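Subject: Structure handover

Hello,

Here is the structure for you to look over. My notes follow below it.

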Amino acid sequence: MLSSSFSRTVLVLGFLFVGTTNSFAGTTLDRIKQTGVVNLGFREDSLPFSYKNAEQGDPLGYSIDVCNALVDALKAETGKPLTVKYVPVTGESRFPYVVDGKIDLECGNSTNTKARREKVAFSMPLYFSSAKLLAREGSGITKFSDL
């Protein structure tokens with residue numbers, strides 16, 4: 001189980017990406033409070049961030065854990081029980097679903113770009129990665145230009 005300080009942190013971060021932009025976040029939160037439902041978008045094949053459970057249960061993954069911690073924090077904040085509805089999305093549908101209100105949060109690994117920020121709000125980064133190249137020792141390849 002996640003600590004309460006982590007849940008509070010996730011809640012604060014979550015408010016940054018609930019809704020289509022910060023100005024619409026209040027509307028999304030109001031709707032969640034009124035309906036008691038949080039719609040979480042997830043990709044079925046985006047290991048290890050979100051993926052479909054082999055037993056056809058709820059989705060699993062790092063991003064799913066973060067979103068569920070946010071839902072727990074929302075429950076504590078509102079004092080109301082909330083139901084999570086998992087909505088499968090694709091790489092193409094995830095942002096339109098947020099914009100159209102079909103999902104409240106996209107629980108995945110989406111790259112934060114200027115063009116995307118014009119349509120949706122992003123949380124603080126939750127995951128960092130980089131690419132590296134490996135070459136066999138003695139191959140003479142020591143820098144990218146050697147390729």
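This is a predicted model: local features need pLDDT of at least 70, side-chain atom pairs count only at pLDDT 80 or more; totals for chains, interfaces and linings use all residues.

Residues are numbered from 1 along each chain as its sequence is written, and side-chain values use heavy atoms, with hydrogens and water left out.

**Fold**

The protein chain has 5 helices and 5 strands. Helices (H or I, at least four residues) and strands (E, at least two) are DSSP runs, numbered from the N terminus. Their order along the sequence is α-α-β-β-β-α-β-α-β-α. Of the 147 residues, 35% are buried. Buried means under 20% relative accessible area, exposed over 50%, and partly exposed in between (1.4 Å probe, protein chains only). Take the contacts (heavy atoms within 4.5 Å) between residues at least 6 apart in sequence: 61% join residues at least 24 apart.

**Disulfide**

A search of the whole structure gives 1 disulfide, defined as a pair of cysteine sulfur atoms within 2.5 Å. Cys 67 is joined to Cys 107, with S to S at 2.1 Å. The link is left-handed, at -115 degrees about the S-S bond. Cys 67 sits in helix H3 (residues 62-78), and Cys 107 in the loop between strand E5 (105-106) and H5; they are 40 residues apart. Cys 67 counts as buried because its relative accessibility is 3%. Cys 107 is buried too, at 1%.

**Aromatic pairs**

There are 3 aromatic pairs. Rings of Phe, Tyr and Trp (its six-membered ring) pair if their centres lie within 6.5 Å; planes under 30 degrees apart count as stacked, over 60 as edge-to-face and the rest as tilted. One of them is Phe 42 with Tyr 86: edge-to-face, 6.2 Å centre to centre, 90 degrees between the planes. This pair links strand E1 (residues 37-43), which holds Phe 42, to strand E4 (residues 83-89), which holds Tyr 86, across 44 residues. Phe 42 is buried, at 5% relative accessibility. Phe 49 and Tyr 127 also pair edge-to-face, at 4.8 Å and 85 degrees. Phe 49 is in the loop between strand E2 (45-46) and strand E3 (50-51), Tyr 127 in the segment after H5, 78 residues apart. Phe 49 is buried, at 8%.

**Salt bridges**

The count is 4 salt bridges, each a side-chain nitrogen of Lys or Arg within 4 Å of a carboxyl oxygen of Asp or Glu. Asp 104 and Arg 31 meet at 2.3 Å, N to O. Asp 104 lies in the loop between helix H4 (94-100) and E5, and Arg 31 in helix H2 (residues 25-35), so the pair ties together parts 73 residues apart in sequence. Asp 104 is buried at 2%, whereas Arg 31 is partly exposed at 26%. Glu 118 and Lys 114 form another, at 2.9 Å. Glu 118 is exposed, at 56%; Lys 114 is exposed, at 56%. Lys 143 and Asp 146 meet at 3.6 Å. Asp 146 is partly exposed, at 31%.

**Surface**

The accessible surface of the chain is about 9500 Å², with 55% belonging to carbon and sulfur atoms. Areas come from the Shrake-Rupley method with a 1.4 Å probe; for residues, only the protein chains shown count as cover. Leu 133, Ile 141, Phe 144 and Leu 147 make a nonpolar patch of about 470 Å². Patches are made of residues with over 30% relative accessible area and no salt bridge: like charges are joined within 9 Å, nonpolar side chains (Val, Leu, Ile, Met, Phe, Trp, Tyr) within 5 Å. Leu 147 is in the segment after helix H5 (114-117). Leu 147 is exposed, at 65% relative accessibility.

Best wishes
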